[in-house]
Amino acid sequence: MSTLKVGVIGVGGIARTHMPGWQASPHAEVIAGADLAPEALERWGAQWNVGKLETDSAAVINDPEIDIIDVCTPNMYHAPLSIAALEAGKHVICEKPLAPTPADVQRMIEARDKSGKLLMTAQHFRFAGTSKALKAEIEGGALGDIYHARSWMLRRSGIPTSLAFLSRQHAGGGACIDIGVHILDLTLWMMGNPEPVSVTGVARREIASNPMAFGRWPRHGRIPEGMDVEEMAMAFVRFETGATLVFEISWLLHHDIEGEDMQMWLYGTAGGSHWPKCEIYDTNYESMQLYNRELKLTQNISEPHAQECVEFAQAIVDGAPSPVPAEQSLQVMTILNAIYESQKTGREVLL
């Protein structure tokens, strides 16, 4: 099979994390990029030796030489760009969240099915060595049936200071969609993606309402005027299996956090586990002995943002399923959307 040709739409920060993966892939080569900012596009093209540079994304999407479109734009543009690419006969890898609403994700699935191409959400935490190692243990039965999970992704002052993240017009939501999608996707994947049946949640903006509030990601700065999304969210989720999940998300929290606190605890009938420590906890009932086991072979194959691109190209070559199916992203966005609905109504949302 000839080398798969890749076109990148949106050449900002997240696209730069994908480029090493495309370079490492034996099956793919980036030949084109599109962005609304001509100067940024020129710098990106020079850095990565990419010759085809367009300010109109349609020119890249409809280029007959291109096989894969890599969508790295703000959230609200994921669905229209991905659908256009699928309709043009391209495979699509799209940054998380796949789309800001379940309805948009469903439209993307329909376009994928009509095209016969692969559609993948770039949920890079799945591709970390710790994640792969723990998932293999779970699939081998180390935890038995998982009946409860707790997970969170918390920052102390890690709110983005760009309206690309803080404006509903561009992002579709706040911390819930930006970082909540990471830990929720990872937790559901580890649990085996059980079907959610109800959600009780809150989504609030408290600290960011202070006119002197600031963020430290990616650099120090005041929160700009125009922020209209939530800074924190939490939820209690029930699944059709009877399993339950509690998770918390925040960009801004008065809490003792150095950097980012991202954790997941899974509790099963045969054992429990913690990520990212990659530990498994089980019991010898005859001797009444408790055991903690640390998984050792947990190193990354490559940086996870890069590895997801490598594995997407490999799946296309092998005729394999998408490494992150859109149906699983639909589950994630259904839960996150229900948090917003529960916040508005003050009630549990039945799915």
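The legends below describe one overall view and several close-up views of a predicted protein model.

In this predicted model, local features need pLDDT of at least 70 and side-chain atom pairs count only at pLDDT 80 or more, whereas totals for chains, interfaces and linings use all residues. Residues are numbered from 1 along each chain as its sequence is written, and side-chain values use heavy atoms, with hydrogens and water left out.

Figure 1. Helices (H or I, at least four residues) and strands (E, at least two) are DSSP runs, numbered from the N terminus. The C-alpha trace spans about 65 × 55 × 35 Å along its principal axes. For 351 residues, a compact globule would have a radius of gyration near 20 Å, and the 21 Å of the protein agrees with this; the radius is taken over C-alpha atoms, and the globule rule is 2.2 Å times the number of residues to the power 0.38. Of the 351 residues, 54% count as buried, where buried means under 20% relative accessible area, exposed means over 50%, and partly exposed lies in between (1.4 Å probe, protein chains only). Among the contacts with a separation of 6 or more, 74% come from residues 24 or more positions apart, a contact being heavy atoms within 4.5 Å. The protein exposes about 15800 Å², of which carbon and sulfur atoms supply 51%; such areas come from the Shrake-Rupley method with a 1.4 Å probe, and for residues only the protein chains shown count as cover.

**Figure 2. Helix 5, residues 102-115, and what covers it.** This helix has 14 residues and reaches 20 Å from its first C-alpha to its last, close to the 20 Å expected at 1.5 Å a residue; the expected span is 1.5 Å times one less than the number of residues. The buried residues of helix 5 are Pro-102, Asp-104, Val-105, Met-108, Ile-109, Ala-111 and Arg-112, and what covers the buried residues includes helix 4 (78-87), strand 6 (119-122) and helix 12 (326-345). After helix 5 comes Gly-116, which has a positive phi near 75°.

**Figure 3. Ser-82, a residue of helix 4.** Ser-82 counts as buried, because its relative accessibility is 0%. When its neighbours within four places in sequence are left aside, Ser-82 is in contact with Val-71, Val-92, Cys-94 and Met-108. Met-108 is one of the buried residues of helix 5 shown in the previous figure.

**Figure 4. Ile-257, in the loop between strand 12 (244-250) and strand 13 (260-268).** Although Ile-257 lies in a loop, its relative accessible area is 7%, so Ile-257 is buried. Apart from neighbours within four places in sequence, Ile-257 is in contact with Leu-154, Arg-155 and Arg-156. His-27 is 230 residues away from Ile-257 along the chain, and the C-alpha atoms of the two are separated by 41 Å.

**Figure 5. Gly-271, in the loop between strand 13 and strand 14 (272-275).** With a relative accessible area of 9%, Gly-271 is buried. Gly-271 and Tyr-281 are 10 residues apart in sequence, and their C-alpha atoms are 5.4 Å apart in space. Tyr-281 is also one of the contacts of Gly-271 that remain once neighbours within four places in sequence are left aside, together with Ala-142, Leu-143, Leu-266 and Asp-282.

**Figure 6. The loop between strand 14 and strand 15 (279-284), with Pro-276 and Cys-278.** Trp-275 and Pro-276 are joined by a cis peptide bond, with omega about 15°. Cys-278 counts as buried, because its relative accessibility is 1%.

**Figure 7. The cis peptide bond between Lys-96 and Pro-97.** The omega angle of this bond is about -15°. Pro-97 lies in the loop between strand 5 (91-95) and helix 5.

**Figure 8. Asn-49, in the loop between helix 2 (38-48) and strand 3 (52-54).** The phi of Asn-49 is near 60°, which is a positive value in a residue other than glycine. The relative accessible area of Asn-49 is 70%, and Asn-49 is therefore exposed.
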